[in-house]
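Please keep the sequence and the coordinates at hand.

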Amino acid sequence: QVQLVESGGGLVQPGGSLRLSCAASGSFFSINDMGWYRQAPGKERELVAIITNGGSTSYADSVKGRFTISRDNAKSTVYLQMTSLKPEDTAVYYCNSKIRVGFGTLLTNYWGQGTQVTVSS
C-alpha cells in the first residue's frame with residue numbers, strides 16, 4: 001500500500017522560512033508528477049507547486065520567487081522550501097503524487113495527510 005508521509009509544518013513569523021518534506025513509501029513501480037497543494041479555512045484547495053519526474057517545475061503566481069519545489073527520486077521524496085512567508089500562506093499543505101503501482105498500470109493520485117503551516121507574529 002502506497003503512503004505519502006509529510007513533515008515540516010509549524011508556526012513561523014512573517015518573513016520566515018519553512019521546509020516541507022513528503023516521502024512516498026510502500027510498493028510501487030514509478031512516480032510521475034509530485035506536487036504541493038494547500039487549503040486555507042473557508043477556501044478551496046489550490047495548487048502551490050508541481051515538479052515532473054524530469055525536474056520541470058511550475059508555481060502558483062502567489063508563491064513564485066518565494067517557494068522552491070524539488071525532489072529526490074532516489075528517496076521518493078518531494079520538498080517545498082518556503083521563504084518570505086506571509087500570513088496569507090497560512091493553510092494546511094498537502095503533498096500529491098501520481099504513482100504507477102505496477103508496470104503498465106494506470107497512474108493513481110495519492111495524497112498526504114496534510115501538515116499545518118501557520119504564519120503569524
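Ser84 is partly exposed because its relative accessibility is 39%, where buried means under 20% relative accessible area, exposed over 50%, and partly exposed in between (1.4 Å probe, protein chains only). This is a predicted model, in which local features need pLDDT of at least 70 and side-chain atom pairs count only at pLDDT 80 or more, while totals for chains, interfaces and linings use all residues. Residues are numbered from 1 along each chain as its sequence is written, and side-chain values use heavy atoms, with hydrogens and water left out.

Ser84 sits in the loop between β8 and β9; strands (E, at least two residues) and helices (H or I, at least four) are DSSP runs, numbered from the N terminus. Its phi is positive, near 45°, although Ser84 is not a glycine. Most residues other than glycine have a negative phi. Ser76, likewise not a glycine, has a positive phi of about 50°. Ser76 belongs to the loop between β7 and β8 and is buried, at 15% relative accessibility.

The loop between β8 and β9 also holds Asp89. Is Asp89 buried or exposed? Asp89 is buried, since its relative accessible area is 1%. Its side chain makes a polar contact of 3.0 Å with that of Arg38. A polar contact is a pair of N or O atoms within 3.5 Å; within protein, one must be able to donate a hydrogen and the other to accept it, and residues adjacent in sequence count only if both atoms are side-chain atoms. Beyond four places in sequence, Asp89 is in contact (heavy atoms within 4.5 Å) with Arg38, Arg66, Phe67, Ser84, Val117 and Val119.

Next comes the sheet. It is open, with 4 strands in the order β1-β3-β8-β7 and antiparallel pairing; two strands pair if DSSP finds at least two bridges between them. The edges are β1 (3-7) and β7, each with a single partner strand, so one side of each has no neighbour in the sheet. On average, neighbouring strands are turned by 15° against each other, direction ignored, the axes being lines fitted to C-alpha atoms, for helices over the stretch in contact, with angles from 0 to 180 degrees between N-to-C directions. Between the antiparallel β1 and β3 there are 5 bridges; Gln3 has Ser25 in β3 as its bridge partner.

The largest nonpolar core has 29 residues, of which Trp36, Val48, Phe67, Val78, Leu80, Met82 and Tyr93 touch the most other members. Such a core is a set of buried Ala, Val, Leu, Ile, Met, Phe, Trp, Tyr and Cys residues joined through side-chain atoms within 4.5 Å. Among the elements giving two or more residues to this core are β3 (18-25), β4 (30-39) and β8 (77-82). Leaving out residues up to four places away, Met82 touches residues including Leu18, Leu20, Phe67, Tyr93 and Val117.

There are 2 aromatic pairs. Rings of Phe, Tyr and Trp (its six-membered ring) pair if their centres lie within 6.5 Å; planes under 30 degrees apart count as stacked, over 60 as edge-to-face and the rest as tilted. Phe29 and Phe103 form an edge-to-face pair, 5.6 Å centre to centre with 75° between the planes. Phe29 is partly exposed at 47% relative accessible area, and Phe103 is exposed at 72%. Tyr37 and Trp111 are also edge-to-face, because their planes stand at 65°, with centres 5.0 Å apart. This pair links strand β4, which holds Tyr37, to strand β10, which holds Trp111, 74 residues apart.
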